[in-house]
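Keep the viewer open as you read.

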Amino acid sequence: MKFISLFAPVWACLQRQWPLKHHLKPLRRGSTVLLLGTALSLNALSQQAPQLQLPRTKLNAGMHMLDVQLAQTPEQRQIGLMWRKEMPQHEGMLFVFQQAATQCFWMRNTLIPLSAAFLADDGTIVNIADMKPQSDDSHCSEKPVRFVLEMNVGWFAKRQLKAGYQLGGTVFKR
């Protein structure tokens, strides 16, 4: 019963999207950290549906036009393509980070196999990783990048796109 009463304010805030700060005052600092971490996890887990309403942009790979969703916030990037049962061949998701860093991806709660292209600021492919569904295996960029493009597995290989190929789009600096 203590477990439920401790997390009830967090759950109420998540359901109503209220700030947690007014519920955390009576709790000790260690509890606050535990609650905040749990709140973030509960929020991501309570989603359990594909995020389909993200902003979109167009990219091109030569004659191939892509319609990609933009995952720009930490929560959007954390959820990514989780819980999708299928994705059209010309669609994908572009993960946009504020700063270039070594980006690592895994496939927890992701139901479809994906290929991730790690992209430099100008859209040049640094490396590509094929990822198995529902796996916690880590797939990382070979150097710091700000963009990661996830497509259906094999999309890049079928079009003979490899490291060094430059994708086009307004999101990439020229």
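**Starting in the sheet**

Find Val-96 first: it stands opposite Phe-147 in S8. Before going further, note that you are looking at a predicted model, where local features need pLDDT of at least 70, side-chain atom pairs count only at pLDDT 80 or more, and totals for chains, interfaces and linings use all residues. Residues are numbered from 1 along each chain as its sequence is written, and side-chain values use heavy atoms, with hydrogens and water left out.

Strands here are DSSP runs of E with at least two residues, helices are runs of H or I with at least four, and both are numbered from the N terminus. Two strands pair if DSSP finds at least two bridges between them. S3 (residues 91-101) also pairs with strand S2 (residues 64-71), this time in the parallel sense, again over five bridges. There, Val-68 has Gly-92 in S3 as its bridge partner.

Now step back to the whole chain. It has five helices and eight strands, and from the N terminus the order is α-α-α-β-β-α-β-β-β-β-β-β-α. Of its 174 residues, 44% count as buried; buried means under 20% relative accessible area, exposed means over 50%, and partly exposed is in between (1.4 Å probe, protein chains only). Take contacts (heavy atoms within 4.5 Å) with a separation of 6 or more: 67% of them are between residues 24 or more positions apart.

Leaving aside neighbours within four places in sequence, its contacts include Val-68, Leu-70, Phe-147, Leu-149 and Val-171. Leu-94 and Glu-150 are 56 residues apart in sequence, yet 6.4 Å apart in space, C-alpha to C-alpha.

What about the nonpolar interior? In soluble globular proteins, nonpolar side chains tend to be buried together. A nonpolar core here is a set of buried Ala, Val, Leu, Ile, Met, Phe, Trp, Tyr and Cys residues joined through side-chain atoms within 4.5 Å. The largest one has 19 residues, and those with the most contacts inside it are Met-93, Phe-95, Phe-105, Leu-114, Phe-118, Met-131 and Val-148. The elements giving two or more residues to this core are S3, strand S5 (114-119), strand S6 (125-131) and S8. Apart from it lies another core, of 18 residues, among them Leu-59, Ala-61, Ala-117 and Leu-119.

Follow S5 into S6 next. Six bridges join these strands, which run antiparallel, and Leu-114 has Met-131 in S6 as its bridge partner. Beyond its neighbours within four places in sequence, Leu-114 touches residues including Leu-81, Met-87, Met-107, Met-131 and Met-151. S6 is mostly covered, with five of its seven residues buried. The hairpin of S5 and S6 has five residues between the strands, and in this hairpin Gly-123 takes a positive phi near 90°.

Two residues other than glycine also have a positive phi. Asn-109, with phi near 60°, sits in the loop between S4 and S5 and is partly exposed at 26% relative accessible area. Gln-134, at about 50°, lies in the loop between S6 and S7 and is exposed, with a relative accessible area of 56%.

Over in helix H4 (residues 74-79) you'll find Gln-76. Buried or exposed? At 19% relative accessibility, Gln-76 counts as buried.

Finally, look for the cysteine link. By the rule used here (a pair of cysteine sulfur atoms within 2.5 Å), the count comes to one disulfide. It joins Cys-104 to Cys-140, S to S 2.0 Å. Cys-104 lies in strand S4 (residues 104-105) and Cys-140 in strand S7 (residues 139-140), so the pair ties together parts that are 36 residues apart in sequence. The link is right-handed, with 110° about the S-S bond. Cys-104 is partly exposed, at 41% relative accessible area, and Cys-140 is partly exposed too, at 31%.
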